[in-house]
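Let's take a walk through this fold, starting with the sheet and then moving on to a pair of helices. Have the 3D view open and follow along.

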Amino acid sequence: MPQTNDICIHAFDGAIVDEGQAIADYFSPDYVSAQTEYILSTKMLAALQGDRFASLYQDAQTTAQAAANHLRVLGASNEDIARLRSSGQATSTFPIRAPIA
């Protein structure tokens with residue numbers, strides 16, 4: 001298991017990479033926690049659908065959006081967040097991607 005804020009490098013100086021390619025994986029307890037928060041908020045959102053829970057649903061939607069924004073601040077891409085939502089499984093690391101080729 002990675003320790004606090006470990007990083008695993010996949011591409012070193014001078015390596016030819018494609019835009020968006022994962023060049024490193026970063027472990028951060030904050031990222032794991034943020035993923036869990038997002039997963040729980042999207043599950044709550046799904047459970048509260050319907051007219052009977054309209055105000056709670058709106059609160060859950062706001063929480064899910066805030067959790068997604070927290071993930072973005074920590075470095076997750078929209079694709080990472082969509083993958084997390086569909087899988088419902090938090091990962092211990094997130095990829096750091098090349099901004100350009």
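In this predicted model, three strands line up as an open sheet, and their order is β1-β2-β3 with antiparallel pairing. Look at the two ends of that order: β1 (7–9) and β3 (93–97) are the edge strands. Each of them has a single partner strand, so one side of each is left without a neighbour in the sheet. As you step from one strand to the next, the twist averages 25°.

Now zoom in on the pairing of β2 with β3. Strand β2 covers residues 22–27, and five bridges join it to β3, with the two running antiparallel.

On to the helices. Find α2 at residues 54–73 and α3 at residues 78–87; their axes come within 10 Å of each other and cross at roughly 130°. How does that angle class the pair? Angles over 145 degrees would count as roughly antiparallel and 65 to 115 as roughly perpendicular, so a crossing at roughly 130° makes α2 oblique to α3. As for handedness, α2 passes α3 in a right-handed crossing.

Which residues make the contact? From α2 it's Ala68, Leu71 and Arg72, and from α3 it's Asn78, Ile81 and Leu84.

Terms used
Residues numbered from 1 in each chain as written. Predicted model: local features only at pLDDT ≥ 70, side-chain atom pairs only at ≥ 80, totals over all residues. Heavy atoms only, no water. Axes fitted to C-alpha atoms, helices over the stretch in contact; angles between N-to-C directions. Helix = DSSP H or I, 4+ residues; strand = E, 2+ residues; numbered from the N terminus. Parallel < 35°, antiparallel > 145°, perpendicular 65-115°, else oblique. Left-handed = near helix turned anticlockwise from the far one by under 90°. Contact = heavy atoms within 4.5 Å. Pairing = 2+ DSSP bridges.
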